[in-house]
Amino acid sequence: MKLYSTLTKQIDEIKPLNPPIVTVYTCGPTVYDYAHIGHWFTYVRMDTLIRALKADGLQPKWVMNITDVGHLVSDADEGEDKLEKGAKREGKSAWEVAEFYTQDFIEGMKALNMLQPDKMVKATDHIPDQIELIKQLDDKGYAYIIDAGVYYDTSKFSRYGDFAGLDLDEQQAGARVSLNPQKRNASDFALWKFSPTDHKRDMEWDSPWGKGFPGWHIDCSAMSMKYLGPTLDIHTGGIDHVPVHHTNEIAQSEAATGKPFAQHWLHANHVMVEGQKISKSLSNGVSLQATSDKGYSAEVVRLHVLESHYRSQSRFSWDSLEAAQNRLNNLQAFADLRFQATASDGKASGADFDKYTELITNALLDDLNTPKALALLSGLVDEHSVISRDELGSFKRFITSVDELLGTKLGKSEDISADQRQLITKREAARAIQDWQVSDNVRDQLGIQGVGLRDTPGGAIWFRQAPQK
RNA sequence: GGCACCUUGGCGGAGUGGUUACGCAGAGGUCUGCAAAACCUUUUACGCCGGUUCGAGUCCGGUAGGUGCCUCCA
């Protein structure tokens with residue numbers, strides 16, 4: 001399959017080191033607060049990547065981290081640890097905060113029908129691995145110690161700015177942050193931070209350099225290489241990680257191993273909410289709870305994510321979510337045709353469903369073109385409103401494939417009840433004798449139950465809709 | 001100040017040189033017992049100005065506006 005790589009800045013063919021295994025590492029959430037719509041956009045896209053890799057015949061080995069320590073509110077010199085801050089806010093320990101939001105995140109993943117990573121790894125479970133990696137860097141002369149902790153000397157890693165296309169001198173001229181005067185270079189970052197002297201942290205560990213906690217970047221390097229080897233096939237994350245987090249991961253990992261850290265880098269672009277960047281100060285980070293409260297299922301959210309391309313800066317709005325809801329209703333009505341195939345001698349759709357499975361797969365294999373995949377699907381729905389018994393097998397197979405490829409749940413819907421089916425039969429009989437009163441009553445009755453009808457030459461076809469009044 | 005990106009019809013959103021993306025919404029019509037569904041139609045949609053080309057939304061230059069990053073961030 002082909003994917004755009006941040007590393008090469010072009011669309012490359014994915015070539016795993018050990019096919020059919022393909023190793024994928026995703027920078028997961030920092031669990032100090034509820035995930036918002038922007039996070040979910042990104043993770044649904046990573047999930048789509050895994051699905052596409054599978055469709056390509058590969059066997060993804062997917063590791064996602066949970067950052068539960070060391071991620072600082074401000075820059076690496078000042079600022080609190082996000083977990084410790086969250087703990088203070090909620091009157092809990094940092095450990096409790098991490099556990100709570102980790103569970104909440106996992107529930108969100110399930111709601112969005114995301115595949116579970118083969119491993120979800122926590123930074124706090126891998127402190128020795130991180131210390132070991134820092135030791136290696138120290139031995140090779142990449143580290144230095146100042147009052148704040150152990151730091152990485154980015155000037156020792158000559159290609160430091162290459163990945164993100166950073167010109168460090170130019171950037172420093174416009175930097176808005178006052179630098180720690182002890183740091184050798186503005187871009188240097190913490191490998192290990194020393195615990196503060198004025199209060200005790202919830203999370204701290206002993207190390208060869210002193211009591212403290214790991215820097216934010218070292219956990220991803222240590223854990224990804226531990227589980228997936230020194231060179232990953234695909235490393236993914238949000239686009240914001242390019243200039244700092246991933247740049248630092250590369251610097252640490254490659255300095256330690258002398259090998260390329262990841263063959264391929266995939267970054268999901270950000271989402272704007274009602275035209276604005278998602279930020280704490282605007283409080284516009286819509287949660288899954290918020291979408292649910294407004295009556296939109298996670299399935300709708302997921303479909304809305306797929307409507308835009310992962311590399312474009314997409315937009316979230318309630319209007320577009322409503323549009324996604326309507327689109328999903330139509331897709332579901334199409335999938336529900338599997339409960340009402342027409343007689344074999346009747347009309348058939350004549351669609352080549354296997355061909356469409358292939359077309360949709362190909363769209364995903366072409367740099368995860370989910371909008372195109374949905375356009376293909378909608379085109380098919382638009383052209384075919386009847387399924388014959390002869391086609392039922394290939395149709396069901398198609399719906400199953402779509403669900404696997406896109407993470408939809410079209411094939412999970414249930415048939416209408418026997419009572420409802422009987423009502424439809426009753427109405428057909430009434431219509432046959434032109435008893436419009438009974439016919440309309442039955443239609444209203446079904447409408448109240450959320451079942452709509454459309455009359456075709458071959459009889460009535462039902463579809464689910466919002467319950468009518 | 002530096003780097004990168006974007007600008008498509010009412011709202012979203014694809015599309016890198018040559019017939020309708022697609023979705024949602026609105027209007028009119030056909031059909032229908034009435035509806036629904038379907039179908040047809042709906043202002044030449046591609047920020048603006050130049051250029052290249054037989055031909056550009058799609059390449060080049062300029063210009064206006066917007067966004068992201070350079071601070072933690074999916």
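Helices here are DSSP runs of H or I with at least four residues, strands are runs of E with at least two, and both are numbered from the N terminus.

Before going further, a word on the ground rules. This is a predicted model, where local features need pLDDT of at least 70 and side-chain atom pairs count only at pLDDT 80 or more, while totals for chains, interfaces and linings use all residues. Residues are numbered from 1 along each chain as its sequence is written, chains are lettered from A and ligands numbered from 1 in the order in which they are written, and side-chain values use heavy atoms, with hydrogens and water left out.

**The chain as a whole**

Chain A has 15 helices and 16 strands. Its C-alpha atoms fill a box of roughly 90 × 45 × 40 Å along the principal axes. Of the 469 residues, 54% are buried; that word means under 20% relative accessible area, with exposed meaning over 50% and partly exposed in between (1.4 Å probe, protein chains only). Contact means heavy atoms within 4.5 Å. Taking the contacts with a separation of 6 or more, 75% are between residues 24 or more positions apart.

Setting aside neighbours within four places in sequence, threonine 30 is in contact with Thr67, His71, Lys82, Leu83 and Trp216.

Alanine 256 is found in helix H7 and is buried too, at a relative accessible area of 5%. If you skip residues up to four places away in sequence, alanine 256 touches Leu133, Gln136, Leu137 and Lys140.

Serine 401 is in helix H13 (residues 392-406). It is buried, with a relative accessible area of 16%. Between the C-alpha atoms of serine 401 and glutamate 358 there are 9.7 Å, and the pair is 43 residues apart along the chain.

**Two helix pairs**

Two packed helices are described by the angle between their axes and the distance between the axes. Axes are lines fitted to C-alpha atoms, for helices over the stretch in contact, and the angles run from 0 to 180 degrees between N-to-C directions.

Helix H6 (residues 218-228) packs against helix H7 (residues 242-257) at about 55°, with the axes 8 Å apart. So H6 is oblique to H7. On the naming, angles under 35 degrees count as roughly parallel, over 145 as roughly antiparallel, 65 to 115 as roughly perpendicular and the rest as oblique. H6 contributes Ile218, Cys220, Ser221 and Met225 to the contact, and H7 contributes His245, Glu249, Gln252, Ser253 and Thr257. By class, that gives 3 nonpolar, 5 polar and 1 charged residues. Here Ala, Val, Leu, Ile, Met, Phe, Trp, Tyr, Cys and Pro count as nonpolar, Asp, Glu, Lys and Arg as charged, and the others, Gly among them, as polar.

The other pair is helix H9 (residues 298-306) with H10, whose axes come within 9 Å and cross at roughly 105°. That makes H9 roughly perpendicular to H10. From H9, Glu299, Val300, Val301, Leu303 and His304 meet Ser320, Leu321, Ala324, Gln325, Arg327, Leu328 and Leu331 of H10. The residues of this contact divide into 7 nonpolar, 3 polar and 2 charged.

H10 (residues 318-335) has 18 residues and reaches 25 Å from first C-alpha to last, close to the 26 Å expected at 1.5 Å a residue; the expected span is 1.5 Å times one less than the number of residues. Among the buried residues of H10 are Leu321, Ala324, Leu328 and Phe334.

Most residues other than glycine have a negative phi, and most peptide bonds are trans. Here are some departures from that pattern:

| Site | Backbone value |
|---|---|
| Proline 19 and proline 20 | cis peptide bond, omega about 5° |
| Asparagine 113 | phi near 60° |
| Glutamine 434 | phi about 60° |

Proline 20 is in the loop between strand E2 (10-13) and E3. Asparagine 113 lies in the loop between helix H3 (94-111) and strand E5 (119-122) and counts as partly exposed at 21% relative accessibility. Glutamine 434 falls in the loop between helix H14 (418-432) and helix H15 (436-448), and at 55% relative accessibility it counts as exposed.
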